[in-house]
Protein chains: 2
Amino acid sequence: MILLDGKRLADQILSDLKAKVDPNNPPHLDIIVVGDNPASATYVKLKSKACQDIGIKTTLHPLDDTVDNSQVIDLIKKLNSTDTSGIMVQLPLPTHLDKYQILNSIDPTKDVDGLTATSLGLLFQGVETSFISASPLAVITLLDHYKIKFQGKHVVIVNNTPLVGLPLSALFNNRQATVTVCHKYTQDIKKITFTADILISAVGIKNYITADMIKNNTVVVGLGVSKDESGKMAGDLDFGHLSTLASHLTPNFGGIGPMTVACLLKNVINSHTHGLSKNPAL
Amino acid sequence: MILLDGKRLADQILSDLKAKVDPNNPPHLDIIVVGDNPASATYVKLKSKACQDIGIKTTLHPLDDTVDNSQVIDLIKKLNSTDTSGIMVQLPLPTHLDKYQILNSIDPTKDVDGLTATSLGLLFQGVETSFISASPLAVITLLDHYKIKFQGKHVVIVNNTPLVGLPLSALFNNRQATVTVCHKYTQDIKKITFTADILISAVGIKNYITADMIKNNTVVVGLGVSKDESGKMAGDLDFGHLSTLASHLTPNFGGIGPMTVACLLKNVINSHTHGLSKNPAL
């Protein structure tokens, strides 16, 4: 079994990115956070710290959880008109807000999180010069690094959200894989995962993917994160048992997590260096 | 076996639409055609005639096949700034043109063909107040009419294009189906189609879907059109043999074809009546 060592590749990407940053003309990322979700606070700190480490300036825009859609959108519109390299809205948003209306008000040329309808649609058109959402980009970048082949392979993705599973399905479809997208309504899911050549899980249930769900020599990637009974962070993969069957496997930590941060930063630096206003498809 | 009678439902939709048109304030559709592809000419005639029949005004914009991207885009930008109800570009375009750059220059609020990146992305976000591409909309509308249930069903789509298979996959995913998208690189496709509860084929090969590819009681929908050796139009479905196994089946003609025209016209009239500039997600 080959370990898909995301931490190692992420460190390499971050080091390459750092060399590209001109301290006299640093990239800039605006981060909007609504309310005080503790997980969001942790992620934002993590991203801000990673930006700082390689020389990207960040501005945090904390908003009270009583704001309405138009207040968030007004802020985004204001930021759209600045020369910032990228704007991101930390998810989840409080449920009274319209997530997509807010995300879609980000200028697609500053959408470094790749979550606007336009960025998502470009991906499904096969136009990968658009911004690609960081965690799907992390998965494909890591698999590419380990020279995994996609053409004609059956990829099964357990997650059907516009943030993770669906952009991933586009990336694999663009690479001529046959893609099945599963979720909580999927019936007899083991029967489907058992046919996978590549299995991607972003569920958020500890040890969700067990060894009896895969055939020999499957490539298995876990993105889901949850907390177990004792409050300890846990991943989707029953790593120990899977490691006897899988051809390639991500560790539950040090796999896609660090790669996701690296890919977000890569998007910010690409936006700053090349700009995406020249995106031929926009 | 229940015949999925698209012609009958399309006639009913067209008759309902006709009643909505105010002759003193008719909707208007701009159709751009590049070059002289005979199939395109046929489709454009068909659509124009259908528009005329229910009172939608059309303007045809024929462009020489030597035009470049910017000439087509300039025309689209000019039309974007008019008060037309909808703008569509007849496909295929000559290969020297950048299809997506051209399609993506249509104002999403006038994108009645639902082919811009923004419309496609909204669909994947589950925001179905956007324009939905006519043939995917035709499939889901027809299946809805026959009260086919989607939640937890396995839908297999043989077509992975941004125009047909991918928007269809979004529509079914939004309805909690498990979706597999197949294409010419798919290995052992029969093994996959055999697990389908609902099978959609948009391949363009005569009798591509045969009875040995499905299990009992599958819902089978054919969209593909081809010409056989004698130049006669043919569909994807081996209708005779499939009819002994399928629970529901489209005829090879009079199924999705007429529904697609009706759905395009429905988009034009919705655009004219309600406008989509108020689309909450845009």
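Modeller: Happy to! A word on terms before the tour: domain bounds here come from an automatic or database domain assignment. On that basis, chain A of this predicted model is divided into domain 1, residues 22-111, and domain 2, residues 134-257. The C-alpha centres of these two domains of chain A are 28 Å apart.

Now to the part you asked about. In the pairing of the chains, 33 residues of chain B are in contact with 33 residues of chain A. On the chain B side, at least two residues each are supplied by helix 4 (99-103), helix 5 (117-124), helix 7 (165-174) and strand 6 (178-182). Helix 5 of chain B gives the largest share of that side, with seven residues. Sorted by class, the side of chain B that touches chain A holds 15 nonpolar, 17 polar and one charged residues.

How are the two copies related? The same surface serves both copies, as 100% of the contact residues of chain B recur in chain A.

Let me turn next to helix packing inside each chain, beginning with chain A. Helix 1 (residues 6-20) and helix 10 (residues 256-273) of chain A have axes that come within 8 Å and cross at roughly 20°. Angles under 35 degrees count as roughly parallel, and helix 1 and helix 10 of chain A are therefore roughly parallel to each other. Their crossing is left-handed. Among the residues making this contact are A:Leu9, A:Ile13 and A:Leu17 from helix 1 of chain A, and A:Val261, A:Leu265 and A:Ile269 from helix 10 of chain A. The contact of these two helices has twelve nonpolar, three polar and three charged residues.

In chain B, have a look at helix 2 (residues 38-54) and helix 10 (residues 256-274), which pack at an angle of about 55° with their axes 10 Å apart. That angle makes helix 2 of chain B oblique to helix 10 of chain B. The crossing of this pair is right-handed. From helix 2 of chain B, B:Leu46, B:Lys47, B:Ala50, B:Cys51 and B:Ile54 meet B:Val261, B:Leu264 and B:Leu265 of helix 10 of chain B. By class, the residues of this contact are seven nonpolar, no polar and one charged.

Definitions and conventions
Residues are numbered from 1 along each chain as its sequence is written. Chains are lettered from A and ligands numbered from 1 in the order in which they are written. This is a predicted model: local features need pLDDT of at least 70, side-chain atom pairs count only at pLDDT 80 or more; totals for chains, interfaces and linings use all residues. Axes are lines fitted to C-alpha atoms, for helices over the stretch in contact, and angles run from 0 to 180 degrees between N-to-C directions. Helices (H or I, at least four residues) and strands (E, at least two) are DSSP runs, numbered from the N terminus. Angles under 35 degrees count as roughly parallel, over 145 as roughly antiparallel, 65 to 115 as roughly perpendicular and the rest as oblique. A crossing is left-handed if the near helix is turned anticlockwise from the far one by less than a right angle, and right-handed if clockwise. Two residues are in contact if their C-beta atoms, placed from the backbone, lie within 7 Å. Ala, Val, Leu, Ile, Met, Phe, Trp, Tyr, Cys and Pro count as nonpolar, Asp, Glu, Lys and Arg as charged, and the others, Gly among them, as polar.
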